[in-house]
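Open the model in your viewer and keep the selection tool ready. Each stop below tells you what to select and what is there.

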Amino acid sequence: MRLISCHIENFGKLSDMTVDFSEDMHIIMEENGFGKTTLAAFIRVMFYGFTGDGKKNIAENERRRYKPWQGGVYGGQLTFETGGKGYQIARTFGIREKEDTFSLYDEDTGRETGDFTSNIGEELFKIDREAFARTVFIGQQSCETSVSDSISAKIGNLSENTDDINNYENVQKRLKDMLNAMSPARATGKIKNMENKIGDIRVSILRGDELDRSIDAFNEKLNIENRKKTALKENLAQVKAAIGKASSEGELLAKLKMYERLCKAYDEAEKRKEKGPEWEPEKAPYNNDIDRYISQWGRRNEKKNALEAKRAELKALEAVLETPVRAVNKPLLLLGIVVLLAGIILIAVYHNLGLLMALPGLGLITAALIYKKAPQKKEENEEWLNMCREIEKDESYIKDTDMSIRLYLREYGTSINSETDIIDTLYKLKEQSAYYRRTLDELRRAKGEKDAFEAENDMERIMSFNPDEKLSSVDSLNKELSKATDELEAVQSNILNYIRQRDSLKDERDRISEEEESLWALEREKERLQRKYDSLKLTKALLEKAKDSFTSKYTGPVKRSFNKYYKIITGEEINRYDIDAAINISIMEMGDKRDVSLLSRGSKDIAGLCMRMAFIDAMYKDEKPFIILDDPFVNFDDEKLRGGISLLKEISREYQVIYFTCHESRSY
C-alpha cells in the first residue's frame, strides 16, 4: 500500500496545498512553522478522523486545533493505492462530528465506491486509531510506543477475528474491578462488608439475653405502677363522692357569704351618699350647667376689666369732638388764587390796576388758610355712638350674668357676699355634684345587685342555713383530691415512660431476632461470594497465562526485528534490552530489569523507534503500509543520527516512507 498524492483545501494553517508522494522515500524538508506536523496530522485524520472531540483544551481537541486559520472549506482529498487499485478519500469537517462528510472514489473510473466506509483506517490497516499512532504514524517527539490489544491481534494474525484479543484489556479491567468490589481485604469489598456485618450480628446476638432481662425488669415496674394506678383511682372516686356529698352545703355557705357581701356593699354606698348634699335626684345640678356658668363668669370678668378702658377712650373722643378744628376753606382759597393770578398778569400792562387786584387775591388766600371749622356735635359722630352702644351692651351683660349666677347658686342654698366668692362657689358646687352623682350611681348599682340576688335565689333557705364544723372538711377533701390527682398523673407518666423504654428494647430485640434468622443466610452468601471471588481470581490468572502463551508465539520475531533495527542505528549487538511475553520492553541495569522510561530522551527514542518497526514487520507480512516519520531523530547525537539515516534507507526498501524534517543534517 502507498500514498500517491493529497490536496488540502483548508486544514490548520495549510490552504490550497497539493503534495505528490514518491514511491519509496518522500522527504519534506521545510523550516519550522511551515506546517509539517499539520500535514502529517492531515494524512492520519483522512484515514481515522479527529481525536479529542468534546475536550475543552484546544491542544487535546484536534477539531478545534486544526480549524482553518483563514476560514473556507475545512478538509481535502487523499489518493492512495492498495491491492493494485487506486482510491481517493474526500472529507470535509464541521464544528461537530455529525457535520462531517466522507466520500470514497475509484481512481480509475472516478465513480464513488463502497469498498470502504468512513472507518477506512481500521478497515485498511486492521488496527484501531491508537495502534496506528503507536506504529506506522511516528509523530514528532513521540517515538516511544507500547503494545495494545489491537497490535497484539494484528501481530497474532487475528485481524479477521479480533474480539478475544482486543477485549482482553477490557476483560482484565472488568475482572479487576469485580475482584476489588468483592475483595475480603478492602474496606469497600462486598466480602469484607459481609464479614463485618456477620461480626456485628454475632455481637448483637450476645446482647439479646441482656435485652430480655431488661424487658422483664420494665414489665415488673409496669405491674407495680399499674397496681398503684388502680389504688389511686379507687381513692379518687371516694374523695369525689365525699366532695359531692358536701357540695350542697358548701354551695349554701358560698351564697350566704355572697349575700352578706352584697348587703354590706349596699349599706356602705348608702352611708357615702348620706355624707353628700341632700338633693332630690331629679333636681341635682349637672356639671355641664355649672361649666357653662363658669365660662360665662370668665367672659363677664373679661368685659368688666375692659370696661374702664373703654370709658376712658370715650371721654378722650368727647374732648376731641368739643375742640374747634382748623381747616382750609377750599372755595375761598381757589378764588384768591384766581384773583392773584389776574393781578399778576395786569401788572405787566396796567401796573396800578394789577396791584389793586393782586392784593385782594393775597387777602383771600390768607383768609382761606386761617379758616377755623366749628366743633361737631358728639351725638352726630358715628364712632362716639358705637362706643356708647358697646359700653352699654357690656354693662348689660355684666348685670345679667351677675343676676343669673346668683339666682342659680341661691337655688342650691348658697348665698354670695362678694363677687370674688362666685367662682370658688361654682367649683365647690361642681365637686358636690360629682360626688352626689357618683355615690348615687354606686347606691343604685349595689341595690340592683342585691335585688337581683334576692330574686334569683331561695332567700328563706339561705337565711335559715346555719353552717357548722362539717363544712371545714370540704377544703381538706379538695386538698386530698389535688394530691391524689398529682400522684395519679405521676404514675401515668411513669407508665408511659416505662412503656416507651420497654418498646424501644423490644424493637431492638426484634431486630436482633431477625438478624439471628438472617445470620445463616448471610454466612451462606459469604461462602458463595468467596467461591465466586476465588473463581474470578483464578480466571484472571488463567487469562493472563493464556495471553502470555499467545503473545510468546510472536515474541521471537519481534525481538529479532528489534535487534536488527537497533544494530542499524547503533552499530551494536543488543545485549541489554529484553522483551517479555507481553511484548513489554525493559533494560538490564545494575543486575535487574529497569523500565526504559528511566533512560535518556535519545535512548528512549531509539528503543521506541526500533520497537515500532519491529511491530510493523510482525504485523504486515504481505502488503506493506506506508510509514510516516515526523522528524523522529531530533534527540539523536551525531553518531546515532547517521544510524537513523541508515535506518531510513533500509526501511524504504520495503515500505513507502513519508519523512518530515526541518534540517539538512537530518536528511540524505
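Start with phenylalanine 11, which is buried, at 0% relative accessibility. The model you are looking at is predicted.

**Stop 1: rings around tyrosine 74**

In one of them, phenylalanine 11 is paired with tyrosine 74. Their ring centres are 6.2 Å apart, the planes make 45 degrees, and the pair is tilted. Phenylalanine 11 belongs to strand 1 (residues 2–11), while tyrosine 74 sits in the loop between helix 2 (62–65) and strand 4 (75–82). The two are 63 residues apart in sequence, so this pair ties together separate parts of the chain. Tyrosine 74 is buried too, with a relative accessible area of 7%.

Phenylalanine 50 is in the loop between helix 1 (36–48) and helix 2. This pair links distant parts of the chain, 24 residues apart. Phenylalanine 50 counts as buried because its relative accessibility is 8%, below the 20% cut-off.

**Stop 2: a cluster of rings**

Now select Phe47, Tyr48, Phe80, Tyr87, Phe116, Phe125, Phe132, Phe137 and Phe626. Ring pairs link these residues into a cluster.

**Stop 3: two positive phi angles**

Most residues other than glycine have a negative phi. Select lysine 126: its phi is positive, about 60 degrees, although it is not a glycine. Lysine 126 is in the loop between helix 3 (120–125) and helix 4 (129–134). Is lysine 126 buried or partly exposed? Its relative accessible area is 33%, so lysine 126 is partly exposed.

Jump to aspartate 631. Its phi is also positive, near 50 degrees. Look for aspartate 631 in the loop between strand 13 (627–630) and helix 17 (638–651). Aspartate 631 is buried, at 1% relative accessibility.

**Stop 4: helix 17**

Follow the chain from that loop into helix 17 (638–651). Helix 17 has 14 residues. From its first C-alpha to its last it reaches 20 Å, close to the 20 Å expected at 1.5 Å a residue. Colour its buried residues: Lys640, Leu641, Gly643, Gly644, Ile645, Leu647, Leu648 and Ile651.

**Stop 5: helices 9 and 12**

Two packed helices are described by the angle between their axes and the distance between the axes. Select helix 9 (residues 287–322) and helix 12 (residues 382–411). They pack at about 150 degrees, and their axes are 8 Å apart. That angle makes helix 9 roughly antiparallel to helix 12. Their crossing is left-handed. What kinds of residues make up the contact of helix 9 with helix 12? There are 15 nonpolar, 3 polar and 14 charged residues.

**Stop 6: helices 10 and 11**

Finish with helix 10 (residues 330–347) and helix 11 (residues 351–369). The angle here is about 160 degrees, and the axes lie 7 Å apart. Helix 10 is therefore roughly antiparallel to helix 11. The crossing of helix 10 and helix 11 is left-handed. Colour the contact by residue type: it divides into 20 nonpolar, 5 polar and no charged residues.

How values were computed. Residues numbered from 1 in each chain as written. Predicted model: local features only at pLDDT ≥ 70, side-chain atom pairs only at ≥ 80, totals over all residues. Heavy atoms only, no water. Helix = DSSP H or I, 4+ residues; strand = E, 2+ residues; numbered from the N terminus. Buried < 20%, exposed > 50% of the residue type's maximum accessible area, 1.4 Å probe, protein only. Axes fitted to C-alpha atoms, helices over the stretch in contact; angles between N-to-C directions. Parallel < 35°, antiparallel > 145°, perpendicular 65-115°, else oblique. Left-handed = near helix turned anticlockwise from the far one by under 90°. Nonpolar A, V, L, I, M, F, W, Y, C, P; charged D, E, K, R; others polar. Expected span 1.5 Å × (residues − 1). Phe/Tyr/Trp six-rings, centres within 6.5 Å; stacked < 30°, edge-to-face > 60°.
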